[in-house]
Amino acid sequence: MWGGRTGALLRVWGLWPAGVRGRRPLGCNAASLAGNNSPQCWNCGGPGVPKRGDGFFCPQCRALQPPDLTRDYFSLMDCNRAFGVDTAKLQNRYQQLQRLVHPDFFSQRSQTEKDFSEKHATLVNDAYKTLLAPLSRGLYLLKLHGVEIPEGTDYAMDQQFLMEIMEINEKLAEAQSEAAMKEVESIVRAKQKELSDNVSKAFEQEWLYQFAFKKQNK
């Protein structure tokens, strides 16, 4: 269901965001890492904070708690679990979380909190980079659905799609002026939007099918 052209579109047209550096977006497998299951605060022994939500600090002693490494990126970044993401809202959420957990704000705190802060910041960075770029976001959605695409996997693409890519490459090679370059850029942007919309629809249709199937079999 998820293979074929949809996988190819993600591979060929998904762009990494400019200016983002650091570890690979999918390097943190949050679902496989063990989080802290204790409901108590590690520092004061109080009831601690819920596993979900933004209660990163103990309500009694205000000590920073360990991150929940089983929490998915969409939940952490307060986004709907969908291919279409409001990137402006995502960036605001990223900045909000950085103000809460960035290691610079814990230089005078205990070593335990410093370590937790590093882990929180790493998780937030990985979540932000993964959801920001269409390619990594789509691959992460597939992973949440139990579909893993190995690195270097190439999906067969239909002839028409390959011809479109070749035509754009030819236009780019022949461009001799700024106006010609802008024309190619406009073509690429339009094609990216078209393919991104197609991928988004593919995810929505799959989820609608799964939802209907589950209701039918209850």
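User: Where is the place of Gln65 among the helices?

Analyst: Helices here are DSSP runs (H or I, at least four residues) numbered from the N terminus, and Gln65 has its place in the loop between α1 (4-13) and α2 (73-76). This is a predicted model, in which local features need pLDDT of at least 70 and side-chain atom pairs count only at pLDDT 80 or more, while totals for chains, interfaces and linings use all residues. Residues are numbered from 1 along each chain as its sequence is written, and side-chain values use heavy atoms, with hydrogens and water left out.

User: Is Gln65 buried or exposed?

Analyst: Buried means under 20% relative accessible area, exposed over 50%, and partly exposed in between (1.4 Å probe, protein chains only); Gln65, with a relative accessible area of 6%, is buried. Contact means heavy atoms within 4.5 Å, and, leaving aside residues up to four places away in sequence, Gln65 touches several residues, including Trp42, Phe56, Phe116 and His120.

User: How many salt bridges does a search of the whole structure find?

Analyst: A salt bridge is a side-chain nitrogen of Lys or Arg within 4 Å of a carboxyl oxygen of Asp or Glu, and the search finds four. One of them joins the side chains of Glu113 and Arg109 (2.8 Å, N to O); Glu113 is buried at 6% relative accessibility, whereas Arg109 is partly exposed at 33%.

User: Where is confidence lowest, and where highest?

Analyst: pLDDT is the predictor's confidence in each residue, from 0 to 100; its mean is lowest in α1, at 44, and highest in helix α4 (residues 111-132), at 97. Over residues 1-37 the pLDDT is below 50. Where pLDDT is low, the predicted coordinates should not be read in detail.

Definitions and conventions. Helices (H or I, at least four residues) and strands (E, at least two) are DSSP runs, numbered from the N terminus.
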